[in-house]
Amino acid sequence: MQARQPTLRWALGALLASAFVVALGYGIVLPVLPTMVERLGGSTDPTFNARQIGFLTAAYVAAPVGAAFLWGKWSDLIGRRPVLVVGLIGFAVTLVASALAPSLLVLYAGRILNGGFAAAVGPTALAFIADAKGEDDRRTRAFGWMSMASIAGFLIGPMLGGLASELNFDFGVAVAPSQAAPFLLASGLAVAAALGVWFALPRKLLPGPSAEASKRGSSMFVPGEIRLLALAAVAAAGLGAFEVGLTLRNVELAMGPAALGLMFATCSVVMFAVQGLVFSPLVKPAAARLLVAPAFLVMAIGLAVIPTIAGFSEMLFAVSIVAASAGVISPLLAYWVSRISTRNQGVELGIQSAAVSLGLSVGSAASGLLFGFPGLEGAAFFAAAAVMGLAVIASLKLPLPPSHKAESFVVSRRSASK
């Protein structure tokens, strides 16, 4: 057992890097999307451009709705390592295609393929962790680290995108270099992550069926599972509306790409501090699930106040609240789904990832649509806040994992015998 520890540590590092790069590939292009849409669409109409930005973001996150389940199932059959490598390489190639897109239609196709290949990373990496780290405490912390890596990518991505857009290269093609640079930077990082996965993950390790899946049927949802998946989708919808809404709000306030990048990057500091506490050994998994409802409440408050403020400092505080709350909710729900599941981890976490992608897609598209209507620019934030408020009620009682139920049954039997 001791001989495998270095391998698992290196593998976890490679998985964290992969999650970071895929999330960064999403966030790094946000600062240049407005100008890219304007150039490729040939329109300066704010309504048209706002809707296209929302739809492009939704196209990226909608692709995993179907692809995530298939990637997770494939990883159950052939192993986690090859699926991760294929996903990262495909992600890198399609980023280059998006960077050099000659038309808005090609950019849409590129973003859909970006999202489809990115969908291979999340559920497969979490399934590997679930296979390797069976104990509740270790699995919870590892899931938390994965979430921290992903959200760090989301938040640091816009900052790097803003910086990369200042670079100037001659690609020899009819494309604005400043807009292509963020895509190409993310593509190079994805290739590096694929190499890390190839050398760090065990080569011949195939996942076996979970103990619960072997005992019971794996095709049915267990009690409470649909609620957890719905909550994951709702949290993702709020995050999607937040990402697109903040990008368009930044344009509305004329803050510029650098300010948007700095805003997202500063949020990451708050997120790391909060997640570092929640997923530390000080907080047990059974207690951590009680934080979901308060996190939804805080997220609702943060979303509701964003349209009412225009100052940079106040905006920075509000978006930090939203980012920190989403960073707590997402990994806790993913962990809880994996614990109560009766399916193999790849399939189950593929379903969870599909639910998250669906939520991101709906939230992103809705935000872009609402911003396109004069006088309704803040409606996206208010609507998302209202939905988060409903999620507070739904998350007050989450299902217990099978082991916890069994433990409670034993304790009650012992008490009865006394």
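Reader: Which residues touch the most other members of the largest nonpolar core?

Author: In this predicted model, Leu15, Leu201, Phe242, Phe296, Leu303, Ile306 and Val319 touch the most other members of that core, which has 111 residues. Helix 15 (residues 312-340) supplies the largest share, 16 residues.

Reader: What makes this a nonpolar core?

Author: Two conditions are set: its residues, of kinds such as Leu, Phe, Ile and Val, must be buried, and they must be joined through side-chain atoms within 4.5 Å. Buried here stands for under 20% relative accessible area. As general background, nonpolar side chains tend to be buried together in soluble globular proteins.

Reader: What does valine 319 touch, leaving out residues up to four places away in sequence?

Author: Valine 319 touches Phe242, Leu246, Met263, Cys267 and Ile306. Apart from this core lies another, of seven residues, including Trp71 and Val83.

Reader: Let's go to the rings. Why is the pair of tryptophan 71 and phenylalanine 117 called tilted?

Author: Happy to walk through it! The centres of tryptophan 71 and phenylalanine 117 are 6.3 Å apart, and the cut-off for a pair is 6.5 Å, so the two rings count as a pair. Their planes make an angle of 45 degrees. Stacked needs under 30 degrees and edge-to-face over 60, so 45 degrees is tilted. The protein has two aromatic pairs by this rule, and Trp71, Trp74 and Phe117 form one aromatic cluster.

Reader: Which parts does the pair tie together?

Author: Tryptophan 71 belongs to helix 4 (residues 64-78) and phenylalanine 117 to helix 6 (residues 104-118), so the pair links parts that are 46 residues apart in sequence.

Reader: What makes the contact of aspartate 76 and arginine 80 a salt bridge?

Author: The N to O distance between their side chains is 2.8 Å, and the rule asks for within 4 Å, so the contact qualifies. By this rule the count is one salt bridge. Aspartate 76 and arginine 80 are both buried.

Reader: And why is arginine 81 said to sit over the ring of tryptophan 198?

Author: The charged end of arginine 81 is 3.7 Å from the ring centre of tryptophan 198. The distance limit is 6 Å, with a further limit of 35 degrees from the ring normal.

Technical notes. Residues numbered from 1 in each chain as written. Predicted model: local features only at pLDDT ≥ 70, side-chain atom pairs only at ≥ 80, totals over all residues. Heavy atoms only, no water. Phe/Tyr/Trp six-rings, centres within 6.5 Å; stacked < 30°, edge-to-face > 60°. Helix = DSSP H or I, 4+ residues; strand = E, 2+ residues; numbered from the N terminus. Buried < 20%, exposed > 50% of the residue type's maximum accessible area, 1.4 Å probe, protein only. Contact = heavy atoms within 4.5 Å.
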